[in-house]
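I opened the notebook to go through this model by pairs, strands and surface. My notes follow in the order I looked things up.

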Amino acid sequence: MNSANDNSSMPAAGAQRIFDTPEVQDFLNAVSGFDKSAGSERAKEIIHRLLSDIYKLVDDFDVSPEEFWQAVSLLNALGKDTQFGLLAPGLGFDHYLDMRMDARDEALGLAGGTPRTIEGPLYVAGAPVSEGEARMDDGSDTEAEVMWLTGQVRDTDGNPIAGAQVEIWHADSKGNYSFFDPSQADYHLRRTILADAEGRYRARSIIPSGYGCPPDSPTQQVLDLLGRHGQRPAHIHFFVSAPGHRHLTTQINLAGDPYTFDDFAFATREELVVDASRIEDADKARQRGIDGPHTEVVFDVELAATEAADLQDRHKRPRALEDA
């Protein structure tokens with residue numbers, strides 16, 4: 001791959017193009033297994049399309065052997081550091097899948113409800129379950145700002161959804177997530193809350209920090225080639241579900257973060273930017289079991305009704321501890 005400072009793009013005049021020749025097309029068919037009865041026909045079609053696009057790119061940009069093997073080395077580094085899940089949202093794949101699901105919902109007339117946005121790669125299944133209220137932090141980060149996170153789950157007619165399941169996870173004040181950061185306790189800053197009879201949930205936690213891709217990581221190496229940063233704003237993830245309603249995967253960005261509207265993962269949606277309020281009232285703090293001033297974040301959720309069983313559950317994908 002060319003360096004970030006290399007402004008060359010198209011190949012030099014006279015570069016040899018062979019993609020459209022019968023020999024290459026026959027070769028593509030063979031590589032894709034079209035001449036074999038075994039295997040998956042869908043996989044063959046997808047691999048054929050993928051290889052065709054890459055072979056044509058090699059032709060169109062006159063990719064050299066040096067550039068090709070640099071790209072292979074980068075892919076190896078991404079795999080070794082398990083960073084494909086980090087690079088995918090940075091290249092817009094997660095947001096593009098959301099755009100496709102939004103378009104599907106519109107075509108099916110499934111309008112309304114809180115907007116979805118990307119899940120990201122850092123969910124961990126099996127978080128402790130609480131009814132109505134939970135404490136998400138373990139008190140170990142004494143320098144962090146205490147957060148009171150609350151909201152109500154309603155249907156699109158404004159009726160509360162009692163017992164709605166609200167799964168919440170977020171980073172600590174250094175931008176790190178438990179499970180992936182071994183210095184944190186199991187399920188630190190991860191909880192599942194079952195909403196009360198009025199559809200309300202309450203969580204005491206800490207204000208999360210945004211974070212950036214490690215500067216020496218293969219993900220940042222790709223972003224450097226594109227002239228882009230790898231920063232995410234402070235945000236909080238949610239899965240919200242209830243029988244008879246469309247499952248919601250979303251996250252809120254805290255207003256005022258310098259990257260709120262410049263998220264390298266393209267997760268920001270205007271409706272999901274939430275203001276945080278400073279609470280100085282001692283009586284209110286005492287009622288919440290908090291000693292002194294803290295920050296309140298309110299996020300109300302609307303779930304759209306659906307009878308389709310597959311839309312009531314989150315889509316399947318590899319997730320930490322999900323199979324366990």
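**Salt bridges**

I set the rule before looking: a salt bridge is a side-chain nitrogen of Lys or Arg within 4 Å of a carboxyl oxygen of Asp or Glu. I kept in mind that this is a predicted model, where local features need pLDDT of at least 70 and side-chain atom pairs count only at pLDDT 80 or more, while totals for chains, interfaces and linings use all residues. Residues are numbered from 1 along each chain as its sequence is written, and side-chain values use heavy atoms, with hydrogens and water left out.

I looked up arginine 286 first. Its salt bridge is with aspartate 283, and the closest N and O atoms are 2.7 Å apart. Both residues sit in helix H7 (residues 282-287), three residues apart, about one turn of the helix.

Next I checked cover. I call a residue buried under 20% relative accessible area, exposed over 50% and partly exposed in between, using a 1.4 Å probe and protein chains only. Arginine 286 counts as exposed because its relative accessibility is 55%. Aspartate 283, at 45%, counts as partly exposed.

How many salt bridges does the rule give? I get a count of 25.

I then took the pair of arginine 314 and glutamate 167. Their side chains meet in a salt bridge at 3.0 Å, N to O. This pair links distant parts of the chain: arginine 314 is in the segment after strand S14 (301-303), glutamate 167 is in strand S4 (residues 165-170), and they are 147 residues apart. Arginine 314 is partly exposed at 24%. Glutamate 167 is buried at 8%.

Aspartate 263 and arginine 232 came next. They form a salt bridge, with the closest N and O atoms 2.7 Å apart. Aspartate 263 lies in the loop between S10 and S11, and arginine 232 in strand S8 (residues 231-232), so the pair ties together parts that are 31 residues apart in sequence. I find aspartate 263 buried at 7%. Arginine 232 is buried too, at 4%.

I also noted a network of salt bridges. It links Asp102, Arg104, Asp105, Arg116, Arg246 and Arg269.

**The sheet**

I traced the strands next. Two strands pair if DSSP finds at least two bridges between them. I read an open sheet of six strands in the order S1-S5-S4-S9-S10-S11, with mixed pairing. Strand S1 (129-131) and S11 stand at the edges with a single partner strand each, so one side of each has no neighbour in the sheet.

At the S1 end, S1 and strand S5 (residues 190-194) pair in the parallel sense over three bridges. Valine 129 has threonine 192 in S5 as its bridge partner.

I moved to the other end. Strand S9 (residues 235-241) runs antiparallel to S10, and six bridges join them. Histidine 235 is bridged to asparagine 253 in S10. S9 and S10 form a hairpin with six residues between them, and glycine 244 in the turn has a positive phi of about 80°. S10 and strand S11 (residues 273-274) run parallel, joined by two bridges. In S11, valine 273 is the bridge partner of asparagine 253.

Which residues cover each face of S10 (residues 248-254)? Leu248, Thr250, Ile252 and Leu254 are buried on one side, and Thr249, Gln251 and Asn253 on the other.

**Tyrosine 211**

I found tyrosine 211 in strand S7 (residues 211-212). Tyrosine 211 is buried, with a relative accessible area of 15%. I defined contact as heavy atoms within 4.5 Å. Leaving aside neighbours within four places in sequence, tyrosine 211 contacts Leu122, Gly175, Tyr177, Gly230, Gln231, Arg232 and His235. Tyrosine 211 and alanine 234 are 7.5 Å apart, C-alpha to C-alpha, and 23 residues apart in sequence.

Leucine 57 is partly exposed at 42% relative accessibility.

Definitions and conventions:
Helices (H or I, at least four residues) and strands (E, at least two) are DSSP runs, numbered from the N terminus.
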